[in-house]
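These are my notebook entries on a structure of paired chains. I set down what I looked up, entry by entry.

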Amino acid sequence: MTASAEQVPAQQITVLLVEDDPPTLWRLQDALDKAGFDVAAAATLAEARASLAARTPRVLLTDLQLPDGHGVDLIRETRARLPDTEIMVISALGDEQTVISAITVGATGYILKDAFPSDIAATVRDLVAGHSPISASIARFIVRRTQASAEPPPGPELNTAKLTPREIDILWGIAKGFSYAEIADHLGMSKQTVPGHIKSIYRKLEVHTRGEAVFEAVQQGLIKL
Amino acid sequence: MTEAPAKPAGGGAPPLRGRPTASRLAQYLLLQALIAALCIFVLRLPLPEPASRYLVSDFSLADRGETRSVTLPDFVPTRASMSDSALFTGRFSWSARDAGSGWSVYLPRFTNGIVMLVNGVEILDSRRDSMANRGDRATPEIALVPASLLRDGENELTIRLFVWGPISGFLDKVYAGPDDALRPAYEQRTLLFVTLPVVFAAWQGILAVILAVMWAMRRSDTAYGVLAIAMTLGAVQAFLQTTIDQPAFPVLNATLLAAAPLESGCVLAFGILFFTRKWPRLWGPLIFLPGVILVLIGLFGETETLRQSFLLLGIPTLGVHLLVLAAIVGASEMRRQDVPSLLLGCAITIVMTSLAHDMLEVAKIIPDHRIFYTRLSYSAMLVAIGAGLTFRFAQALNRVDGFAAHLAIQLRAAEEKLKASFAREQERERAAALARERARLMRDLHDGLGGQLVSIVALSERDKDSAGIGDAARAALKDLRLVIDSMDDIGGDLMLALGSWRDRAAAQLRPHEIALDWRAVPPGLPVYPELRPWHVIQIIRILDEAVTNAVKHAGAKRVTVSIETLESADGERGCITVADAGKGFAVEGDRRPSSRGVRNMKNRAARCGAELELSSGSGGTTVRLQLPRRFPEGDAVAG
């Protein structure tokens with residue numbers, strides 16, 4: 001992403017990395033270690049839970065397909081128990097299937113498994129600085145869901161009812177590849193406020209309980225009717 | 001009879017619903033009063049008469065053994081026997097000088113029958129003329145006197161008057177003169193009192209057929225059936241042969257002649273059914289009671305009794321029926337203000353006025369000329385009924401036409417909507433199928449190929465010698481993302497595909513420390529509804545190729561991507577430019593970048609209908625892709 005904030009020294013940023021593929025785990029850990037982060041690693045859900053119980057990381061990076069369970073459960077638990085921990089999902093392709101399902105349980109971004117080491121470190125640093133990254137394809141997926149359609153497109157459930165028109169406009173701008181500055185200029189707002197809006201979008205897409213998810217789905221259905 | 005023109009008041013005015021009923025009623029009554037006045041005026045108009053010098057006025061009347069001298073017109077009392085006639089004897093003069101022209105005797109009006117003799121020779125017997133035997137038709141008679149009968153000077157004219165009731169015998173003025181002087185008056189009277197009633201009777205017959213057919217096709221409309229009966233009765237009655245000497249069925253004849261109250265009852269029943277739409281079960285049958293009594297008398301009683309009861313029962317019944325009908329029609333006109341009610345209302349007024357006139361005449365309250373207009377004025381009602389029915393029919397046709405047109409419009413709209421919705425449905429089906437396929441493919445690739453490629457990248461990074469393998473694996477991953485990405489439904493907005501490409505291109509350039517300068521101003525490119533995933537893949541591959549060339553060969557520090565919409569004479573065209581500030585190369589030569597790569601780019605552009613311009617020089621390389629106004633459906637270039 002763009003400028004990386006350097007307020008917090010990398011050494012003080014604790015990262016828990018959960019990835020079951022050893023070469024990938026090694027690669028990511030190497031990239032973060034070299035950038036100076038304090039990295040703990042886990043290869044299974046059980047290991048990750050044990051690590052979380054022992055120490056509260058500032059950042060959690062997790063794969064979704066784990067040998068003894070699903071990363072979504074880990075994200076949900078962490079989000080509920082450790083609200084100050086930033087969560088990102090590690091994805092092979094950056095596809096919305098993975099990323100959106102992680103976002104709805106509390107993740108605020110993703111890293112590609114094959115991203116260059118410098119990009120991996122920069123993304124984590126941005127996240128800690130409060131800049132939740134959002135890619136054009138994820139923004140595109142979200143705004144396509146805000147458009148009225150008779151039947152929901154395939155893919156993970158996503159409730160966009162809470163998004164404001166302004167937030168949707170920002171998402172359109174990102175989806176079309178415009179920079180934050182161009183979006184801010186076009187929408188007549190300050191460039192600095194765009195990351196805040198994105199964080200807010202992530203929070204609004206989060207579904208807190210299963211009951212709420214059902215309720216909102218019903219409500220949306222009623223609105224469409 | 002004059003057809004009353006319904007000019008004043010509500011005649012042609014559109015119905016005004018808000019008007020108070022009282023004012024509407026006053027208007028209607030005023031109109032009827034006007035019609036009645038007009039009617040009286042017409043009835044009092046003198047009938048055509050020949051010159052008075054041909055008048056034979058002094059007669060001696062031999063009646064029941066008495067002889068007295070009379071001046072015509074004159075009345076004689078009714079008598080029981082047909083053989084007992086009143087004998088009028090008069091004289092007229094004829095000179096031999098008049099021999100050149102035919103000499104006629106003209107009798108404008110008499111009741112009920114005459115035999116005429118000139119100089120003792122019978123020249124006319126009206127009883128053989130069935131028209132003349134009908135009391136309700138003022139049939140005139142004229143007879144050409146054979147020249148051999150005439151004597152120079154005084155000639156004797158004898159008229160035997162036969163009277164068979166129910167009213168007293170009557171003999172109007174008698175004219176004797178040249179035929180050409182008398183005949184015009186005779187012809188006019190014949191037209192008015194003989195031909196016209198026949199014409200109207202024929203009209204009544206046609207109405208009877210039309211109504212019967214209508215009722216046969218629409219059994220629920222009892223009103224038409226009842227009216228058909230009335231019309232049939234009237235038509236049969238009008239054409240009935242009324243020879244006095246030997247009628248084929250004397251009883252039936254007399255009965256039918258007395259059927260007028262039955263006919264008027266049927267017309268009243270029609271009025272009740274047609275205008276109020278419900279039949280009064282309690283008093284409804286009473287309408288037909290007088291008619292039925294008269295028929296029973298006709299069938300089982302004496303002819304003389306029938307004649308008397310017709311006068312005493314039949315005529316007042318007609319009056320009562322007319323009054324009730326007038327009230328019903330008037331009420332309907334107040335309620336609906338439609339043309340049939342108004343027409344029939346005016347016609348009833350005409351008939352009532354005529355009936356009153358005739359009754360006053362018979363009662364000798366007004367000068368009695370024995371001219372009865374009731375039957376004749378009844379034709380006004382027939383005309384009104386015909387016109388009203390035609391009006392209703394035309395109105396129904398219009399309504400059907402309107403309904404049909406409305407239906408056709410609705411049908412067309414529904415069809416259009418259906419077509420559009422079908423096309424939309426198909427489009428959605430297609431998009432949904434693509435999205436499902438993409439989701440499935442993505443899951444497969446993510447779980448399998450994607451993870452493995454990432455592992456290859458990771459493994460290759462441990463070993464510096466296998467950097468090439470890592471790059472290849474990274475390129476494969478990038479391509480995989482491109483394929484998945486371009487399968488997404490972007491609704492023709494190419495900017496959405498370029499947005500994801502920007503992320504990928506920036507990630508590709510960053511390790512080489514090349515900056516991506518993205519120049520796009522909202523809204524960017526026009527929307528292409530016909531844009532398909534394969535178009536997107538071709539365009540993105542062209543851009544990838546341009547960026548890869550810049551990385552590999554140009555040695556540039558910056559790649560600029562400009563996205564703009566150009567306004568040209570024939571509309572808007574999207575244009576994407578990838579430029580680097582690198583070393584450049586000879587476009588036409590065989591030198592690097594491989595001519596194969598350039599050929600590929602041009603080929604891809606051509607398949608999308610886009611134009612690719614490549615320019616390179618010392619200032620760097622520029623790839624300019626001008627998008628078509630409309631993307632082609634199939635491959636523009638095969639292969």
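What share of the contacts in chain A with a separation of 6 or more comes from residues 24 or more positions apart? I found that such residues account for 64% of them; two residues are in contact if their C-beta atoms, placed from the backbone, lie within 7 Å.

Entry 1: the model and its numbering. I noted that this is a predicted model, in which local features need pLDDT of at least 70, side-chain atom pairs count only at pLDDT 80 or more, and totals for chains, interfaces and linings use all residues. Residues are numbered from 1 along each chain as its sequence is written, while chains are lettered from A and ligands numbered from 1 in the order in which they are written.

Entry 2: confidence. I read an ipTM of 0.80 and a pTM of 0.54 for the model. For chain B the pLDDT (the predictor's confidence in each residue, from 0 to 100) averages 82, and 90% of the residues score at least 70. In residues 1-16 of chain B the pLDDT is below 50, and this stretch has 27 contacts in the model beyond near neighbours in sequence.

Entry 3: chain A. I counted 10 helices and 7 strands in chain A; helices (H or I, at least four residues) and strands (E, at least two) are DSSP runs, numbered from the N terminus. Of the 225 residues in chain A, 46% are buried. A residue is buried if 20 or more other C-beta atoms lie within 10 Å of its own, exposed if 12 or fewer, and partly exposed in between, with C-beta atoms placed from the backbone.

Entry 4: helix 5 of chain A. I looked up residues 117-128, a helix of 12 residues that reaches 17 Å from its first C-alpha to its last, close to the 16 Å expected at 1.5 Å a residue. The expected span is 1.5 Å times one less than the number of residues. Among its buried residues are A:Ile120, A:Val124 and A:Leu127. An α-helix has 3.6 residues a turn, so residues three or four places apart point the same way. The buried residues of helix 5 of chain A pack against several elements of chain A, including helix 1 (22-35) and strand 6 (86-91). After the helix comes A:Gly130, whose phi is positive, near 95°.

Entry 5: where the chains touch. I found 35 residues from chain A and 38 residues from chain B in the contact. Helix 1 of chain A gives the largest share of the chain A side, 4 residues.

Entry 6: a sheet in chain B. Which order do the 5 strands of the open sheet in chain B follow? The order is 14-15-16-18-17, with mixed pairing; two strands pair if DSSP finds at least two bridges between them. Strand 14 (515-520) and strand 17 (611-617) of chain B each have a single partner strand, so one side of each is left without a neighbour in the sheet. Strands 14 and 15 of chain B pair in the parallel sense over 6 bridges, and B:Trp518 stands opposite B:Val561 in strand 15. Strands 15 and 16 of chain B pair in the antiparallel sense over 10 bridges and form a hairpin with 2 residues between them. Strand 16 of chain B runs antiparallel to strand 18 of chain B, with 6 bridges joining them, and B:Ile576 stands opposite B:Leu625.
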